[in-house]
Amino acid sequence: MTKPQLVKARIQAGVWEGVLTVADAQDTPPELQITHLSQKIDGSTVAPQPDQPGTYIVKVPIPAELLTDGVQTFLITDKSRGVTLNSFSIVTGQPLETDIRAEVDLLREELDMLKRAFRRHCMETS
């Protein structure tokens, strides 16, 4: 089974929107998990796109209470596989001279996800 593809469409009115495509139109979409600083974010939706089998519209509401100065990175993962499908960062406060802080924040999020998966793997195999 190939990895589903999730592509950003836009952010509008505080909602990140993307298009999720599964390899086989008969497949069901994966259960998505959205996290920010390793905390789960609820409220995302996955709705089939009627005119395109195997394609789904994903909407992730961005909680206003999470928007503070600096870079806030959100990860969208396939919950069952633990695979990152996409991510997005929101920069607030002073303009950044470079994107490096967003990249470092994303690396931290992915490292945390890998640590959790590795610990879970160790627990399951011991």
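**Questions on a predicted model**

Me: What makes Phe88 count as buried or exposed?
Reply: Its relative accessible area is 5%. The cut-off for buried is under 20%. A value of 5% falls under that limit, so Phe88 is buried. Keep in mind that this is a predicted model.

Me: How do you know that Phe74 and Phe88 are stacked?
Reply: Check the distance, then the angle. The ring centres of Phe74 and Phe88 lie 4.8 Å apart, with the planes at 10°. Rings pair within 6.5 Å, and planes under 30 degrees apart count as stacked. Both values pass, so the pair is stacked.

Me: Why is the pair of Phe74 and Phe88 said to tie parts together?
Reply: Phe74 lies in strand E7 (residues 70–78) and Phe88 in strand E8. The two parts are 14 residues apart in sequence, so the pair ties them together.

Me: Is Phe74 buried or exposed, and how do you know?
Reply: Phe74 has 1% relative accessibility. That is under the 20% limit, so Phe74 counts as buried.

Me: How many aromatic pairs does the rule give?
Reply: The count is two. Trp16 and Phe88 are one of the pairs, with ring centres 5.5 Å apart and planes at 10°. The limits are 6.5 Å for pairing and 30 degrees for stacking, so Trp16 and Phe88 are stacked.

Me: What parts does the pair of Trp16 and Phe88 tie together?
Reply: Trp16 belongs to strand E2 (residues 15–21), while Phe88 belongs to strand E8 (residues 83–92). These parts are 72 residues apart in sequence. Trp16 has a relative accessible area of 0%, so it falls under the 20% cut-off and is buried. Trp16, Phe74 and Phe88 form one aromatic cluster.

Me: What makes the contact between Glu17 and Arg10 a salt bridge?
Reply: Their side chains meet at 2.9 Å, N to O. The rule asks for a Lys or Arg nitrogen within 4 Å of an Asp or Glu carboxyl oxygen, so this contact qualifies. Glu17 is buried at 13% relative accessibility. Arg10 has a relative accessible area of 41%, which lies between the 20% and 50% limits, so it is partly exposed.

Me: Why does the contact between Lys79 and Glu31 count as a salt bridge?
Reply: The N to O distance is 3.6 Å. The limit is 4 Å, so the contact counts. Lys79 lies in the loop between E7 and E8, and Glu31 in the loop between E2 and E3, so the bridge ties together parts that are 48 residues apart in sequence.

Me: How many salt bridges are in the whole structure?
Reply: The search finds three. One of them joins Asp112 and Lys115, with the closest N and O atoms 3.5 Å apart. Asp112 is partly exposed at 25%, and Lys115 is partly exposed at 36%.

Me: Which residues form the positive surface patch?
Reply: Lys40, Arg116, Arg119 and Arg120 form the patch. Helix H1 (residues 100–125) gives the most to the patch, with three residues.

Me: What makes the phi of Leu37 stand out?
Reply: Leu37 has a positive phi of about 50° although it is not a glycine. Most residues other than glycine have a negative phi. Leu37 lies in the loop between strand E3 (32–36) and strand E4 (39–41). Ser38 is found in the loop between E3 and E4, and its phi, near 65°, is also positive.

Key
Residues are numbered from 1 along each chain as its sequence is written. This is a predicted model: local features need pLDDT of at least 70, side-chain atom pairs count only at pLDDT 80 or more; totals for chains, interfaces and linings use all residues. Side-chain values use heavy atoms; hydrogens and water are left out. Patches are made of residues with over 30% relative accessible area and no salt bridge: like charges are joined within 9 Å, nonpolar side chains (Val, Leu, Ile, Met, Phe, Trp, Tyr) within 5 Å. Accessible areas come from the Shrake-Rupley method with a 1.4 Å probe; for residues, only the protein chains shown count as cover. Lys and Arg count as positive and Asp and Glu as negative; His and the chain ends are not counted. The place of a charge is taken as NZ of Lys, CZ of Arg, CG of Asp or CD of Glu. Helices (H or I, at least four residues) and strands (E, at least two) are DSSP runs, numbered from the N terminus. Rings of Phe, Tyr and Trp (its six-membered ring) pair if their centres lie within 6.5 Å; planes under 30 degrees apart count as stacked, over 60 as edge-to-face and the rest as tilted. Buried means under 20% relative accessible area, exposed over 50%, partly exposed in between (1.4 Å probe, protein chains only).
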